[in-house]
Amino acid sequence: MSRYERTCLIRGDGGRAIRRILDRIGNKWTLLVVATLDDQRMRFTELQQRIPGVSQRMLSLTLRHLERDGLVSRTAYAEVPPRVEYALTDVGRTLIEPAVRLAEWAVEHDPDIERSQRAFDERNK
């Protein structure tokens, strides 16, 4: 696929598909949940403890959205007390590699972006 054809994937369908996905994975908690579940099943409380700052409500909503999207599976065990575990699905696991690449890009270029923002702010005082 040519470079032009690849960039057309972003603009195809008016950008609706990519915007919908970016809305989901670009929220504050999604990638943290996905990264935390990488290669392991976890209970809700364990997830909440491993993701600093996430509230019970936001973790619950994020997991529900990820389950609806088919990125996370939820398994409830009929025990007393009830036990529920979350894990990445096969599709969810495919998100790890591009997310890591994006994180690497962000870490590499964050100083440049911050420098540009300061210069812009100085020019526009």
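# A guided reading of a predicted model

Modeller: The largest nonpolar core contains 20 residues, and L37, L47, L59, L63 and Y86 have the most contacts inside it. Two or more residues of this core come from each of α3 (30–36), α4 (44–50), α5 (56–68) and β3 (83–88). This is a predicted model, in which local features need pLDDT of at least 70 and side-chain atom pairs count only at pLDDT 80 or more, while totals for chains, interfaces and linings use all residues. Residues are numbered from 1 along each chain as its sequence is written, and side-chain values use heavy atoms, with hydrogens and water left out.

Colleague: What is a nonpolar core, and what does buried mean?

Modeller: A nonpolar core is a set of buried Ala, Val, Leu, Ile, Met, Phe, Trp, Tyr and Cys residues joined through side-chain atoms within 4.5 Å. Buried means under 20% relative accessible area, exposed over 50%, and partly exposed in between (1.4 Å probe, protein chains only). Helices (H or I, at least four residues) and strands (E, at least two) are DSSP runs, numbered from the N terminus.

Colleague: Which residues does L59 touch, not counting residues up to four places away in sequence?

Modeller: A contact means heavy atoms within 4.5 Å. With residues up to four places away in sequence not counted, L59 touches V33, F44, L47, Q48, I51 and V54.

Colleague: Is T62 buried or exposed?

Modeller: T62 has a place in helix α5 and counts as buried, at 4% relative accessibility. Not counting residues up to four places away in sequence, T62 touches W29, T30 and V33. In helix α3 one finds T36, which is buried with a relative accessible area of 14%. The contacts of T36, again not counting residues up to four places away in sequence, are M42, L47, R50 and I51.

Colleague: How many residues of helix α1 are buried?

Modeller: The count is zero among the nine residues of α1 (residues 3–11), and this helix is hardly covered. Just after α1, D13 takes a positive phi of about 50 degrees.

Colleague: In what order do the strands of the sheet lie?

Modeller: Two strands pair if DSSP finds at least two bridges between them. Here three strands form an open sheet in the order β1-β3-β2, with antiparallel pairing. The edge strands, β1 (42–43) and β2 (72–77), each pair on one side only. Between β1 and β3 the antiparallel pairing extends over two bridges, and M42 has Y86 of β3 as its bridge partner. Six bridges join β2 to β3, which also run antiparallel, and these two strands form a hairpin with five residues between them.

Colleague: Why is β3 described as largely enclosed?

Modeller: Five of the six residues of β3 are buried, so the rest of the structure largely encloses this strand.

Colleague: Where does R74 belong?

Modeller: R74 lies in strand β2, where it stands opposite Y86 in β3. In a regular strand the side chains alternate between the two faces of the sheet. R74 counts as partly exposed, at 42% relative accessibility. Not counting residues up to four places away in sequence, R74 touches E67, V84, E85 and Y86. R74 and D39 are 35 residues apart in sequence and 15 Å apart in space, C-alpha to C-alpha.

Colleague: What is a pocket, and how is a volume defined?

Modeller: Rolling a probe the size of a water molecule over the atoms shows where empty space is left. On a 1 Å grid over the protein atoms alone, a pocket is an open set of points where a 1.4 Å probe fits, with protein on both sides within 12 Å along at least five of seven lines; lining residues have an atom within 4 Å of a point. Grid points are joined across faces, edges and corners, and a volume is the space filled by probe spheres set on the points. The largest pocket here holds about 330 Å³ of space. Of its 14 lining residues, I25, L31, P98, A99 and L102 are the closest to the centre.

Colleague: Which element gives the most to the lining of the largest pocket?

Modeller: α7 gives the most, with four residues. At least two lining residues come from each of α2 (16–25), α3 and α7 (96–123).

Colleague: Where is L95 placed?

Modeller: L95 is in the loop between α6 (90–93) and α7, and at 14% relative accessibility L95 counts as buried. Leaving aside neighbours within four places in sequence, L95 is in contact with I25, L31, V34 and L71.
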